[in-house]
Amino acid sequence: MKTVFLENADPSFKHEVASKIGLEEIKPCYTCGSCTGVCPVREIIEDFDPRRLIHMIVLGMRKEVLSSDLIWFCCFCNSCYSVCPQGIKFSRIARELQRMALDEGFVNDKF
Ligand code: SF4
Ligand code: SF4
């Protein structure tokens with residue numbers, strides 16, 4: 001299990017992501033795991049876990065999230081949205097994370 005050092009956390013990260021997707025904040029996610037249970041990508045890539053990524057955002061793990069390959073694996077199918085009791089659309093979050101990763105230089109957009 002990876003240790004999270006909260007002195008390295010960025011508390012503004014969750015608010016930035018939330019404002020970009022039009023929510024006040026992402027906190028309403030209560031980590032029920034329904035999204036992860038229906039995600040087709042998760043069936044193929046075990047490490048891909050929308051619930052975990054949201055949790056990392058809430059914890060302020062900006063660098064870890066934006067530098068992760070995992071944010072590029074969402075196929076925007078919205079299966080998770082259809083089962084989320086809190087109406088969270090992870091596909092929108094994934095798109096914003098991808099934009100932020102590009103804008104903040106976490107990926108090289110030159111091929
Ligand atoms: S289904 Fe919704 S509330 Fe449950 S863990 Fe996923 S995003 Fe959070
Ligand atoms: S929208 Fe993304 S996270 Fe949600 S079920 Fe589809 S692939 Fe998984």
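Colleague: What pattern does the protein follow when read along the sequence?

Modeller: The pattern is α-α-α-α-α-α-α. This is a predicted model, and its protein has seven helices and zero strands. Of the 111 residues in the protein, 37% are buried.

Colleague: Which residues of helix α1 are buried, and why do they lie on the same side of α1?

Modeller: The general idea comes first. An α-helix has 3.6 residues a turn, so residues three or four places apart point the same way. In this case, α1 spans residues 13-20, and its buried residues are Phe13, Lys14, Val17 and Ala18. These residues are on the same side of α1 because they cover an arc of only 125° around the axis.

Colleague: What covers the buried residues of α1?

Modeller: The cover includes α4 (50-58), α5 (62-66) and α7 (90-103). Just after α1, glycine 22 takes a positive phi of about 85°.

Colleague: How many residues surround ligand 2, and which are the closest?

Modeller: There are 14 residues around ligand 2, and the closest are Cys39, Cys74, Cys77, Asn78 and Cys80. Two or more residues of this shell come from each of α3 (40-44), α6 (79-83) and α7. The space that ligand 2 takes is the second largest cavity.

Colleague: How do the residues of the shell around ligand 2 divide into nonpolar, polar and charged?

Modeller: Eleven residues of the shell are nonpolar, three are polar and none is charged.

Conventions. Residues are numbered from 1 along each chain as its sequence is written. Chains are lettered from A and ligands numbered from 1 in the order in which they are written. This is a predicted model: local features need pLDDT of at least 70, side-chain atom pairs count only at pLDDT 80 or more; totals for chains, interfaces and linings use all residues. Side-chain values use heavy atoms; hydrogens and water are left out. Buried means under 20% relative accessible area, exposed over 50%, partly exposed in between (1.4 Å probe, protein chains only). Helices (H or I, at least four residues) and strands (E, at least two) are DSSP runs, numbered from the N terminus. The arc is that of the directions from the helix axis to the C-beta atoms. Contact means heavy atoms within 4.5 Å. A residue is near a molecule or strand if one of its heavy atoms lies within 4 Å of it. On a 1 Å grid over the protein atoms alone, a cavity is a set of points where a 1.4 Å probe fits but cannot get out, and a pocket is an open set with protein on both sides within 12 Å along at least five of seven lines; lining residues have an atom within 4 Å of a point. A molecule sits in a cavity or pocket if more than half of its atoms lie within 2 Å of its grid points. Ala, Val, Leu, Ile, Met, Phe, Trp, Tyr, Cys and Pro count as nonpolar, Asp, Glu, Lys and Arg as charged, and the others, Gly among them, as polar.
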